[in-house]
Amino acid sequence: MRDAELFQAALGLGESWRVVGSCFDADQRRLELRIDFEWGARFACPECDAAGCEVHDTTEKTWRHLDFFQHQAYLVARVPRVRCPEHGVRQVGLPWARPGSGFTLLFEALVMTLVAEMPVKAVGDLVGEHDTRIWRVVHHYVDRALAVQDLSGVTRVAVDETSFRRGQDYVSVFACLDQARVVFVTPAATPAPTPAFAEDLADHGGAAGQVAEVCQDMSESYLTGALEHLPEAEITFDRYHIKAQLTRAVDEVRRAERAEHGELLRHTRYLWLRNPRNLTDRQHDRLAELLRLPLATGRAYRWMLRFDGVYEIEDPDQAAAYLRRFTRGARRSRLGPIIDFAQMVDEYWLGIVRWWHSRISNGLLEGLHSLVQAAKRRARGYRGAEKFRTESRVYAAAAFSGGGAGPR
Ligand SMILES: [Zn+2]
């Protein structure tokens with residue numbers, strides 16, 4: 001087999017195109033494959049697909065292709081424009097590249113595989129292209145993946161706020177609990193993340209009225225958002241957010257008491273706030289010792305353990321009765337932060353006890369954490385004006401778990 005035929009077969013050029021020559025420059029470490037269409041070939045109009053349009057003129061173009069061993073490979077071709085009776089003069093579609101790209105589809109597929117594993121900047125360095133060119137490819141496929149995603153099956157949703165960098169650039173992440181994937185990301189500074197999500201659902205075959213369950217924290221913006229824009233959804237307040245509030249209450253009691261019993265409570269924060277199961281034997285003993293003393297922190301801690309007990313009850317009615325007893329007792333605890341917590345539970349009662357029916361939490365979003373981390377790492381390689389927008393999109397695309405971002 002001659003070179004041209006070998007390349008011809010490897011490139012899969014189809015009917016109309018032939019490899020007509022190759023030029024190898026060892027010093028430049030560059031292989032150039034020249035391809036051309038058959039004399040007298042006719043092409044379809046890219047607009048209406050009308051076959052057999054005559055070639056009007058041609059322009060020479062070059063595409064970066066997959067490396068040929070250690071050498072960069074390029075395709076060079078005269079690209080024809082055809083004259084369609086209806087649409088006039090148009091550039092034809094090519095089997096190896098999408099319109100406007102300086103890379104072949106296979107090269108773009110390689111790029112999209114690499115950006116799943118490393119920052120865009122690193123991909124640029126690895127393949128020897130400026131990262132702005134790599135970003136252009138990423139934008140294209142991420143946009144396409146976002147545009148074509150099918151949200152018709154989204155009925156149970158969890159939403160949470162997270163940041164790309166500690167304390168900066170907060171985003172609201174909406175996940176479908178049944179498909180275990182992120183379906184929508186929006187800057188949390190958006191006045192109303194939930195209406196934006198409802199709109200996006202409608203744009204992608206879903207419906208806000210179809211959402212039957214939503215899990216979220218107790219913040220006003222999510223609460224108003226769900227009540228007004230997810231009209232059929234039952235709201236479950238995320239148990240991990242509830243627990244976090246109680247943990248903060250215990251810590252508040254400890255900090256207030258430290259003024260009085262400073263020496264005794266020094267370096268004990270960890271003991272009070274960690275799950276007892278995660279304590280070492282020594283820490284356990286120390287905690288037991290502290291609990292024998294008449295400390296306010298110890299009392300607050302016991303209220304926290306009592307609250308934890310509710311999630312061990314299976315039956316919804318029994319759990320509700322237990323929680324009622326808890327809030328009644330906690331309100332009489334004479335511990336300000338614990339009283340506040342009990343009041344909060346009463347105030348948000350319906351969404352808290354909903355858990356025994358829906359059994360949903362934001363735990364899934366934690367599970368997607370590794371993907372989110374990967375997305376953050378990827379986004380880090382970017383510098384430029386529309387950084388935030390790009391990061392959000394890359395974030396969303398990563399969370400698709402490879403579902404459709406890429407040329408093939
Ligand atoms: Zn046409």
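A residue counts as partly exposed when its relative accessible area lies between the limits for buried, under 20%, and exposed, over 50%. In this predicted model, S221 has a relative accessible area of 36% and is therefore partly exposed. S221 belongs to helix α6, which spans residues 220-229. P193 lies 28 residues from S221 in sequence. The C-alpha atoms of P193 and S221 are 8.0 Å apart in space.

Packing was also examined for a pair of helices. Two packed helices are described by the angle between their axes and by the distance between those axes. Helix α12 covers residues 316-331, and helix α13 covers residues 336-347. Their axes come within 8 Å and cross at roughly 145 degrees. The crossing of α12 past α13 is left-handed. On the α12 side, the contact is formed by L323, R324, F326, T327, A330 and R331. On the α13 side, I338, I339, F341, A342, Q343, V345 and D346 take part. Sorted by class, this contact comprises eight nonpolar residues, two polar residues and three charged residues.

Confidence was considered for the whole protein and for two stretches. The average pLDDT is 86, and 86% of the residues score at least 70. The pLDDT falls below 50 over residues 381-386.

Notes
Residues are numbered from 1 along each chain as its sequence is written. This is a predicted model: local features need pLDDT of at least 70, side-chain atom pairs count only at pLDDT 80 or more; totals for chains, interfaces and linings use all residues. Side-chain values use heavy atoms; hydrogens and water are left out. pLDDT is the predictor's confidence in each residue, from 0 to 100. Contact means heavy atoms within 4.5 Å. Helices (H or I, at least four residues) and strands (E, at least two) are DSSP runs, numbered from the N terminus. Buried means under 20% relative accessible area, exposed over 50%, partly exposed in between (1.4 Å probe, protein chains only). Axes are lines fitted to C-alpha atoms, for helices over the stretch in contact, and angles run from 0 to 180 degrees between N-to-C directions. A crossing is left-handed if the near helix is turned anticlockwise from the far one by less than a right angle, and right-handed if clockwise. Ala, Val, Leu, Ile, Met, Phe, Trp, Tyr, Cys and Pro count as nonpolar, Asp, Glu, Lys and Arg as charged, and the others, Gly among them, as polar.
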